[in-house]
Amino acid sequence: MRQKGTEKPFSGNLYYNKEKGVYTCAACGQELFSSDTKFESGTGWPSFYDVISSDKVRLKEDNSYFMNRVEVICSRCGSHLGHVFEDGPSPSGKRYCINSVSLGFKMEEEAGKEEE
């Protein structure tokens, strides 16, 4: 998360998660994505079409590896989460492609209880 790495596709356990709840930043616990916005993109990483709130992430241009992408960063701790692309489903048209190792998960009944 600090070195902006990417895990191998289909290797993360949260890629397969179908439970209801909230995905959090693995480093600081900030709530980032609802399971209601998770979708199967076929890319091998957990994908979401929206964030819980736009103030939860920062977006930064990323031109590394000869690609033009937009990096997704946790707004609280600055950790690299993944990238966002403009090829997602409605209603946003966005695909937040997030490393599973960058995420924690809270079951629905635990959601809303952010760690300080």
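1. Strands (E, at least two residues) and helices (H or I, at least four) are DSSP runs, numbered from the N terminus. The protein has 0 helices and 9 strands. From the N terminus on, the order is β-β-β-β-β-β-β-β-β. L103 sits in strand 9, residues 103-107.

2. A word on the basis. The model is predicted: local features need pLDDT of at least 70, side-chain atom pairs count only at pLDDT 80 or more, and totals for chains, interfaces and linings use all residues. Residues are numbered from 1 along each chain as its sequence is written, and side-chain values use heavy atoms, with hydrogens and water left out.

3. Burial and surface. Buried means under 20% relative accessible area, exposed over 50%, and partly exposed in between (1.4 Å probe, protein chains only). Of the 116 residues, 43% count as buried. The accessible surface is about 6,500 Å², computed by the Shrake-Rupley method with a 1.4 Å probe. Carbon and sulfur atoms hold 50% of that surface.

4. Contacts. A contact is a pair of heavy atoms within 4.5 Å. Take the contacts with a separation of 6 or more: 55% join residues 24 or more positions apart.

5. The core. A nonpolar core is a set of buried Ala, Val, Leu, Ile, Met, Phe, Trp, Tyr and Cys residues joined through side-chain atoms within 4.5 Å. The largest one has 16 residues, and F33, L81, Y96, I98 and L103 touch the most other members. Strand 1 (21-25), strand 2 (31-34), strand 6 (69-74), strand 7 (80-85) and strand 8 (95-98) each supply at least two of its residues. In soluble globular proteins, nonpolar side chains tend to be buried together.

6. L103 deserves a look. L103 counts as buried, at 7% relative accessibility. Beyond its neighbours within four places in sequence, L103 is in contact with L14, Y23, T24, A26, L32, F33, P46, F48 and I98. L103 and G29 are 74 residues apart in sequence, yet their C-alpha atoms are 8.6 Å apart.

7. S35 and E19. S35 lies in the loop between strand 2 and strand 3 (38-39). S35 counts as buried, because its relative accessibility is 13%. Neighbours within four places aside, S35 is in contact with E19, K20, G21 and Y23. E19 belongs to the segment before strand 1 and is partly exposed at 42%. E19 and M107 are 88 residues apart along the chain; their C-alpha atoms are separated by 7.0 Å.

8. Cysteines. A disulfide is a pair of cysteine sulfur atoms within 2.5 Å. The whole structure has 0 disulfides. For C74, the closest cysteine sulfur is that of C28, at 3.6 Å, so the two are too far apart for a bond. C74 is buried at 0% relative accessible area, and C97 is buried at 10%.

9. The largest pocket. On a 1 Å grid over the protein atoms alone, a pocket is an open set of points where a 1.4 Å probe fits, with protein on both sides within 12 Å along at least five of seven lines; lining residues have an atom within 4 Å of a point. The largest pocket has a volume of about 160 Å³, the space filled by probe spheres set on points joined across faces, edges and corners. Its lining consists of T6, T43, W45, R69, G82, H83, F85, R95, C97, I98 and N99. Strand 7 and strand 8 are the elements that give two or more residues to this lining.
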